[in-house]
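Please have the sequence and the 3D view open as you read.

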Amino acid sequence: MKIKTMVKTVVAVLFCMTFWPGTGVAAEPASAPVKVAVLPFNMHTPSQLLYLQDGIRDMLASRLGWEGKVQVVDRSAVDQAVRGIKSDISAEEAQRLGRALKADYVVFGSLTGIGQTISLDAKMIPLSAKGEPVSFATQTKTLDDIVPQVNLFAQEIDRLIDAFRHRLQ
């Protein structure tokens, strides 16, 4: 009889230690993924390069998505939010849009084409975490060099978001 009582007590204690908040034994619940809004880039290029606006957004969105850590705000929601904006998106406007989209970070920038040279300038602004805006700027001599540069920017964003998350824990 004493053994049954002792077993029940041990099971009850283990149960409480596993599921009772604040005991430190149970794994901490995974934090919600951060949300990143990728806005359309301002285009200062000849009209035959305007397709790059969608391409850059698509590349960033596909490379930033990180299961359980980074969720990219749905493109249709972003398109709805920027509808009616006729001029280039400024940092202040990007922050306003990001907050309206309930994003933790907003990514925006511009692509400028002069002759054969393409300049990609982008910025990530943290909206809900402490941190400074991060700028990324590069120039390429050909269109073929843009994709690797977007990849590098996406990797830097993921690295910084992960660093911000660790600082907050």
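Predicted model: local features only at pLDDT ≥ 70, side-chain atom pairs only at ≥ 80, totals over all residues.

1. Helices and strands here are DSSP runs (helices H or I with at least four residues, strands E with at least two), numbered from the N terminus. Residues are numbered from 1 along each chain as its sequence is written, and side-chain values use heavy atoms, with hydrogens and water left out.

2. Let us stay with S135 for a moment. Is S135 buried or exposed? S135 is exposed, at a relative accessible area of 54%; buried means under 20% relative accessible area, exposed over 50%, and partly exposed in between, using a 1.4 Å probe and protein chains only. Setting aside neighbours within four places in sequence, S135 is in contact with A122 and K123, where contact means heavy atoms within 4.5 Å. Between the C-alpha atoms of S135 and I125, which lie 10 residues apart along the chain, the separation is 8.8 Å.

3. Now the whole chain. The protein chain holds five helices and six strands, and from the N terminus on the elements run α-β-β-α-β-α-α-β-β-β-α. Of the 169 residues, 36% are buried. Among the contacts with a separation of 6 or more, 59% are between residues 24 or more positions apart.

4. Strand β4 (residues 105-114) deserves a look. β4 is mostly covered, with eight of its 10 residues buried.

5. I114 stands opposite T117 in β5. The hairpin of β4 and β5 has two residues between the strands, and G115 in this hairpin takes a positive phi near 60 degrees.

6. Most residues other than glycine have a negative phi. K102, a residue other than glycine, has a positive phi near 60 degrees. Where is K102? K102 sits in the loop between α4 (91-100) and β4, and K102 is exposed, with a relative accessible area of 63%.

7. Finally, a helix pair. The axes of α2 (residues 51-64) and α3 (residues 75-82) come within 12 Å and cross at roughly 135 degrees. Axes are lines fitted to C-alpha atoms, for helices over the stretch in contact, and angles run from 0 to 180 degrees between N-to-C directions. The two helices are therefore oblique to each other, since angles under 35 degrees count as roughly parallel, over 145 as roughly antiparallel, 65 to 115 as roughly perpendicular and the rest as oblique. D54, R57 and D58 of α2 and R75, V78 and D79 of α3 make the contact.

Terms used. Pairing = 2+ DSSP bridges.
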